[in-house]
Amino acid sequence: MTDKNIIVVRGGGDLASGVIHRLYRCGYRVLILESEKPSAIRREVAFCEAIYDGEAFVEGVLSHKIESADECWKVWQMREIPILTDAKGESIRLLKPAAVIDGILAKRNLGTSRSMAPLTIALGPGFTAGEDVDYVVETMRGHDLGRIIDEGEAAPNTGIPGIIAGVGKERVIHAPESGRIQNKAKIADFVEKGQIIARIGNAPVAASLTGVLRGIIRDGYEVKKGMKIADIDPRREQKKNCSTISDKARCIAGSVVEILLAEGVLPCEK
């Protein structure tokens, strides 16, 4: 039997975490499913960090790592969010949730299907509403951000980051080679253009511009050449943004809640 209050979210990165945080605040029981080695950049606002540390706080809300779906109810009773290593989504059939949300943001479908739950929602490109899932939510910045799509696809991934203070692709840093990363700077540090913020093997990773290090992949992570590993915000006065959910994530979260309510998937009774 489907539980009207349970929502399973695949992925716990920063955008998915914005959705998860909103669902939690609205009163839904949420289970996060993650891979064994999440690669979040904005780790201060990503529930997936609990996979490594056992728990993670995002704006006062706690995610708690569990070992099996059977532990969900205990965590929900503590008013926390359970997170489970289950990249294939095998626990979904055990919980029979009212809805499954794909927030992996892999730019392609990694196995989510409409058969997983009565209602399925995907964030961003790689899905077709009405075929792979019931709804797709647009994640590209601009006029259509947060648009609910019930037929068709989101805008294709351009590989170009959104503009912040007039800066686009320069604010995102990619791995110059494959290997284990050693961080020399931490999230919320103010860095100067050219400053070494990390090393991958013998290769230095330099700040691409002057600003606040908004995100950097976890120290010791095995990265692949070309992989996104850091994000710099050129606005020095926006340091507080490193530990708060983004406007983009909040917009997408609102659209997800709109879909759930419109489809009759209601929060828990308080």
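Reply: What follows starts with the chain as a whole, turns to the salt bridges, and then goes on to their surroundings.

The model is predicted, so local features need pLDDT of at least 70 and side-chain atom pairs count only at pLDDT 80 or more, while totals for chains, interfaces and linings use all residues. Residues are numbered from 1 along each chain as its sequence is written, and side-chain values use heavy atoms, with hydrogens and water left out.

The protein has five helices and 19 strands. Both are DSSP runs numbered from the N terminus: helices are H or I with at least four residues, and strands are E with at least two. The radius of gyration, taken over C-alpha atoms, is 18 Å, close to the 18 Å that the globule rule gives for 270 residues, so the protein is as compact as a globular protein of that length. The globule rule is 2.2 Å times the number of residues to the power 0.38. Along the principal axes, the C-alpha atoms fill a box of roughly 55 × 40 × 30 Å. Of the 270 residues, 51% are buried. Buried means under 20% relative accessible area, exposed means over 50%, and partly exposed is in between, with a 1.4 Å probe and protein chains only.

Now the salt bridges. A salt bridge is a side-chain nitrogen of Lys or Arg within 4 Å of a carboxyl oxygen of Asp or Glu. By this rule the protein has 13 salt bridges.

One of them joins the side chains of R42 and D14, at 4.0 Å from N to O. R42 is in the loop between β2 (29-34) and α2 (50-53), and D14 is in helix α1 (residues 14-26), so this pair ties together parts that are 28 residues apart in sequence. The arginine, R42, is buried at 4% relative accessible area, while D14 is partly exposed at 24%.

R42 also has a contact to note. S246, in the loop between β19 and α5, touches L15 and R42, leaving out residues up to four places away in sequence. Contact here means heavy atoms within 4.5 Å. S246 is buried, with a relative accessibility of 12%.

The side chains of R250 and E59 meet at 2.7 Å, N to O. R250 lies in helix α5 (residues 247-262) and E59 in the loop between β3 (55-58) and β4 (61-66), so the pair connects parts that are 191 residues apart in sequence. R250 is partly exposed at 35%, and E59 is partly exposed at 33%.

A further salt bridge joins D231 and R171 at 3.0 Å, N to O. D231 belongs to strand β19 (residues 228-233) and R171 to the loop between β11 (152-153) and β12 (172-174), so the bridge ties together parts that are 60 residues apart in sequence. D231 is buried at 1% relative accessible area, and R171 is buried at 5%.

I101 is in contact with residues including I7, V19, L23, I121 and V256, leaving aside its neighbours within four places in sequence.

To return to the whole chain, contacts between residues at least 6 apart in sequence can be sorted by separation: 55% of them join residues at least 24 apart.
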